[in-house]
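Have the viewer ready and follow along.

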Amino acid sequence: MSEVVLPPVIRDVPGQEQAAGFLARALANPYHAYVFAGPEGSGKRLGMRAFAAALLCARGGCGECRDCRLALGERHPNMLVLEPGGPDILVGKDAGDPNTARWFASRAYLTPPEPGRKVMVVLQADRLRVEAADVLLKVIEEPPTDTVFLLLSARPDDLTDTIRSRCQEVSFPPLSEEFVVGTLVTEGHGEQRARLACRLAGGNLGRARRLAADDRQLAAFREDALAAARQAFQGPAGALSAAETLTSAAKQFRARLGEELEEDLQPFLDERGRPEEPFRGVVRRLEEQHERRLRRAEREFLDWSLLSLAAYWRDAVLVSTGGDPGLVINLDQDVRTEVPGDGTPSSAARAWGEVEEARADLADETNLNARLILERLFLRLSELRPVS
Ligand SMILES: [Zn+2]
């Protein structure tokens, strides 16, 4: 196969040479629908943005023009993005029901706001309900001209066969730890810090990069969680205040995030704070996205905190049973002295299990009361304290 020259935007997609090469070749004569398949953190969303930019840019993805910049930020007027508003993507009442399959499909045959192609994106496409998938299927079967559909999924096997068979699949395998660490090191971080951020982020490059760049974040989740666990080990009263500590840390996180999101909107507003005409659709979508992120923010914070807590006990089990020290997550700390508990592998393993159970409960959005889940977790942990 002949060497393909990657457009700048696609060259910037990290660690996915195969997918990048495939997309660069596809640009000359794009198919009408693709599935970008790969686990969280493998870069499929970056790939989608880059491909959209290359499709919308007059120079095929220069990375510098207005079209590129807007597409890379998912703010191009000719890009339409559908994503789950709740647990699933619903079919919707009619075309006026925003962020539903009917709303999305109804826009497929409209002339785009600006001359050129349209790019229609479905995030977390495996969460399309059956009826919603049927509506989408009809559009993909009779594709509108100059429109490219990009479906993203971490669980492509959950897509209906009828949709999947009408799309070309681009696969984004997980990034290796060495790749993530190497990337952070070239970006100027020390090796140990890069590896710590990578492991705390579970190999997700975007999250690892944010953690490595921000001392407060790198430390915050772990420290809040560890402080709470220590409180819990002082007994039942400590356990209840531990739940309180983490809940209020989560509230503060939500408030900070709210401020950041407000700033995000500024470039698209006029001096009276109203959206500028060409960006009305974009601003509405951003506002909806912000609402959803804020709604999830507290649970997200709690999940990260509990994940780092689980990592401590996992490390403790590993170290106390003579496991490979190279596999420790919290590389910068001595887990034998940092981890609360009596230091036996069995109590560390039980604590780890309790934390994972609480994470599963938190992930179930029908469990409305996060605070209760934390109280139960810390009360159980308080029972693991050494008898003195
Ligand atoms: Zn460009």
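What follows moves from overall dimensions to domains and then to helix packing.

A word on the ground rules: this is a predicted model, in which local features need pLDDT of at least 70 and side-chain atom pairs count only at pLDDT 80 or more, while totals for chains, interfaces and linings use all residues. Residues are numbered from 1 along each chain as its sequence is written.

The protein chain has 16 helices and 5 strands; these are DSSP runs numbered from the N terminus, with helices being H or I of at least four residues and strands E of at least two. Its radius of gyration is 23 Å, close to the 21 Å from the globule rule for 388 residues, so the protein chain is as compact as a globular protein of that length. (That radius is taken over C-alpha atoms, and the rule is 2.2 Å times the number of residues to the power 0.38.) Along the principal axes, the C-alpha atoms fill a box of roughly 75 × 50 × 45 Å.

Now look for the domains. The domain assignment gives domain 1 (8-171) and domain 2 (214-382), with bounds that come from an automatic or database assignment. Their centres, taken over C-alpha atoms, are 31 Å apart. Each side brings 7 residues to the contact, where contact means C-beta atoms, placed from the backbone, within 7 Å. On the domain 1 side these are 4 nonpolar, 2 polar and 1 charged (Ala, Val, Leu, Ile, Met, Phe, Trp, Tyr, Cys and Pro count as nonpolar, Asp, Glu, Lys and Arg as charged, and the others, Gly among them, as polar).

Next, zoom in on helix α12 (residues 236-265) and helix α13 (residues 280-320), whose axes come within 9 Å and cross at roughly 155 degrees. Axes are lines fitted to C-alpha atoms, for helices over the stretch in contact, and angles run from 0 to 180 degrees between N-to-C directions. The crossing makes α12 roughly antiparallel to α13, a label for angles over 145 degrees. Residues in this contact include Leu246, Phe253 and Leu257 of α12 and Leu286, Leu294 and Phe301 of α13. By class, the contact has 13 nonpolar, 3 polar and 5 charged residues.

Finally, helix α15 (residues 345-363) packs against helix α16 (residues 370-382) at about 170 degrees, with axes 10 Å apart. This pair, too, is roughly antiparallel. Among the residues that meet are Val355 and Leu362 in α15 and Ile373 and Leu377 in α16. Here the contact divides into 8 nonpolar, no polar and 3 charged residues.

Key
Contact = placed C-beta atoms within 7 Å. Parallel < 35°, antiparallel > 145°, perpendicular 65-115°, else oblique.
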